[in-house]
Amino acid sequence: MSCKPVCKLCDRLVLSQAVTFTGGNLEINLPAGSYNNGEKYCIVVAQAIPETTTINAPVYITIGTGTTLYPLTKRNCAQVTACGIRTRTRYSVCVVTTPTGGSFRMLGAPCCSPSNNLSGIDGGTATAPAT
């Protein structure tokens with residue numbers, strides 16, 4: 001199978017400018033601009049994820065020199081954590097705005113994120129098994 005030697009990139013392809021681990025959050029900085037409600041963008045995490053990042057750190061998007069943190073969420077609106085993000089990977093997202101802010105919602109599932117769900121809950125009253 002042959003590959004085209006020249007092809008056009010999507011107009012909505014966005015390469016990250018920086019990836020930092022700050023205040024317990026993994027922050028992906030995108031170029032300055034307006035990201036419109038309901039629009040699809042393909043975000044590429046172009047920089048290495050800092051080695052100090054913890055796997056359960058929530059992932060946020062910042063834009064340009066702004067300090068506002070926009071959560072990166074899964075398609076079920078749950079927060080994406082650092083264990084679901086990979087370097088040099090493209091993520092299809094849709095911008096979702098609210099009266100006070102917004103978020104970037106993934107259109108697909110994040111990378112092999114382990115489920116950290118408990119196997120059961122007991123209200124904290126479970127007794128130790130008898131020996």
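These are my notebook entries on what I looked up in this predicted model.

**Ground rules.** I number residues from 1 along each chain as its sequence is written, and I keep in mind that hydrogens and water are left out, since side-chain values use heavy atoms. Because the model is predicted, local features need pLDDT of at least 70 and side-chain atom pairs count only at pLDDT 80 or more, while totals for chains, interfaces and linings use all residues.

**The chain as a whole.** I first looked up the secondary structure, which comes to 0 helices and 8 strands, where helices (H or I, at least four residues) and strands (E, at least two) are DSSP runs numbered from the N terminus. I then looked up burial, and buried residues make up 29% of the 131 residues; buried means under 20% relative accessible area, exposed over 50%, and partly exposed in between, with a 1.4 Å probe and protein chains only. For contacts (heavy atoms within 4.5 Å), I noted that among those with a separation of 6 or more, 66% join residues 24 or more positions apart. The chain exposes about 8,700 Å², of which carbon and sulfur atoms supply 55%; these areas come from the Shrake-Rupley method with a 1.4 Å probe, and for residues only the protein chains shown count as cover.

**Strand 6 and its partners.** Strands pair if DSSP finds at least two bridges between them, and I followed strand 6 (residues 70-73) on that basis. Strand 5 (residues 59-63) runs antiparallel to strand 6 and is joined to it by 2 bridges, with Tyr60 having Pro71 as its bridge partner. The two strands form a hairpin with 6 residues between them, and in the turn Gly64 has a positive phi of about 55 degrees. Strand 8 (residues 101-106) pairs with strand 6 in the parallel sense, again over 2 bridges, and there Leu72 stands opposite Phe104.

**Leu69.** I placed Leu69 in the loop between strand 5 and strand 6, where this residue is partly exposed at a relative accessible area of 34%. Beyond its neighbours within four places in sequence, Leu69 is in contact with Asn25, Glu27, Tyr60, Ile61 and Thr62. Asn25 lies 44 residues away from Leu69 along the chain, yet their C-alpha atoms are separated by 9.7 Å.

**Ser103.** In strand 8 I looked up Ser103, which is buried, with a relative accessible area of 12%. Its contacts, leaving aside neighbours within four places in sequence, include Tyr70, Pro71 and Thr73, and also Cys94, Val95 and Val96.

**Ala82.** The loop between strand 6 and strand 7 (90-98) holds Ala82, and at 9% relative accessibility Ala82 counts as buried. Outside the four places on either side in sequence, Ala82 touches Leu26, Thr53, Thr54, Ile55, Ala57 and Val59.

**The cavity.** Last, I looked for cavities, and the structure holds 1 of 30 Å³ or more. A cavity is a set of points, on a 1 Å grid over the protein atoms alone, where a 1.4 Å probe fits but cannot get out, and lining residues have an atom within 4 Å of a point. The largest cavity contains about 40 Å³ of space, a volume being the space filled by probe spheres set on the points, which are joined across faces, edges and corners. Its lining includes Leu72 and Ile61, together with Ile28, Ile43, Val45, Ile85, Tyr91 and Val93.

Technical notes: On a 1 Å grid over the protein atoms alone, a cavity is a set of points where a 1.4 Å probe fits but cannot get out, and a pocket is an open set with protein on both sides within 12 Å along at least five of seven lines; lining residues have an atom within 4 Å of a point.
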